[in-house]
Amino acid sequence: MSTSIYNISLDLHKTQSQVHLAAFQGDTDREVHISLHQDNKPYNVGKNVLAVWSTITPNGNVIEETCGVVVNNKLVYKFSKELTAAAGNMDVSIRIYDGSELISTPSLTLYV
């Protein structure tokens, strides 16, 4: 089976949800490849950052999972079983830590 990949782009200077993704309950063979921009210019993620996918599931579980390695200046997040365990809507943000510095993305919406 081939992994389903969502290629998305988030602008760090916008505040509203910019992307809407859909998945089925129980899906785990999906990835999100995230490129970041600031005012339509590429944002250099860097190779030594810690990126965290952060959301609260419809059943109230807090999910904070590390995104994968940076590939071509994109963050990579692979869906977990816990992420799609409950059906409903989730607002997701990505927190990017570079040493003591933190920048968070605007939210994206995931429908399960």
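User: Before we turn to the charged pairs, what counts as a salt bridge?

Analyst: A salt bridge is a side-chain nitrogen of Lys or Arg within 4 Å of a carboxyl oxygen of Asp or Glu. In this structure, which is a predicted model, D27 and R30 form such a pair, their closest N and O atoms being 2.6 Å apart. Both D27 and R30 are buried.

User: How many salt bridges does the structure hold?

Analyst: There are three salt bridges. Besides the pair D27 and R30, D29 forms one with K78, where the closest N and O atoms are 3.7 Å apart, and E64 forms one with R95, where the corresponding distance is 3.3 Å.

User: Which parts of the chain does the pair of D29 and K78 tie together?

Analyst: To read a pair in this way, one places each partner in its element. D29 lies in the loop between strand 2 (20–22) and strand 3 (30–38), while K78 belongs to strand 8 (residues 74–78), so the pair ties together parts that are 49 residues apart in sequence. D29 is partly exposed, at 24% relative accessibility, and K78 is partly exposed as well, with a relative accessible area of 42%.

User: What should I make of E31, a charged residue without a salt bridge?

Analyst: For such a residue, one looks up the nearest opposite charge and then the surroundings. E31, which is found in strand 3, is buried, and the nearest side chain of opposite charge, that of K78, is 5.2 Å away. Leaving out residues up to four places away in sequence, E31 touches T3, S4, I5, Y6, V76, Y77 and K78.

User: Which residues touch the most other members of the largest nonpolar core?

Analyst: That core has 29 residues, and those touching the most other members are I8, I34, L36, W53, L75, I94 and L110. Two or more residues come from each of strand 1 (4–11), strand 3, strand 5 (50–56), strand 8, strand 9 and strand 11 (108–111), with strand 9 giving the most, four residues. As for I34, once its neighbours within four places in sequence are left aside, its contacts are I8, L10, W53, N73, K74, L75 and I94.

How values were computed. Residues are numbered from 1 along each chain as its sequence is written. This is a predicted model: local features need pLDDT of at least 70, side-chain atom pairs count only at pLDDT 80 or more; totals for chains, interfaces and linings use all residues. Side-chain values use heavy atoms; hydrogens and water are left out. Buried means under 20% relative accessible area, exposed over 50%, partly exposed in between (1.4 Å probe, protein chains only). A nonpolar core is a set of buried Ala, Val, Leu, Ile, Met, Phe, Trp, Tyr and Cys residues joined through side-chain atoms within 4.5 Å. Contact means heavy atoms within 4.5 Å. Lys and Arg count as positive and Asp and Glu as negative; His and the chain ends are not counted.
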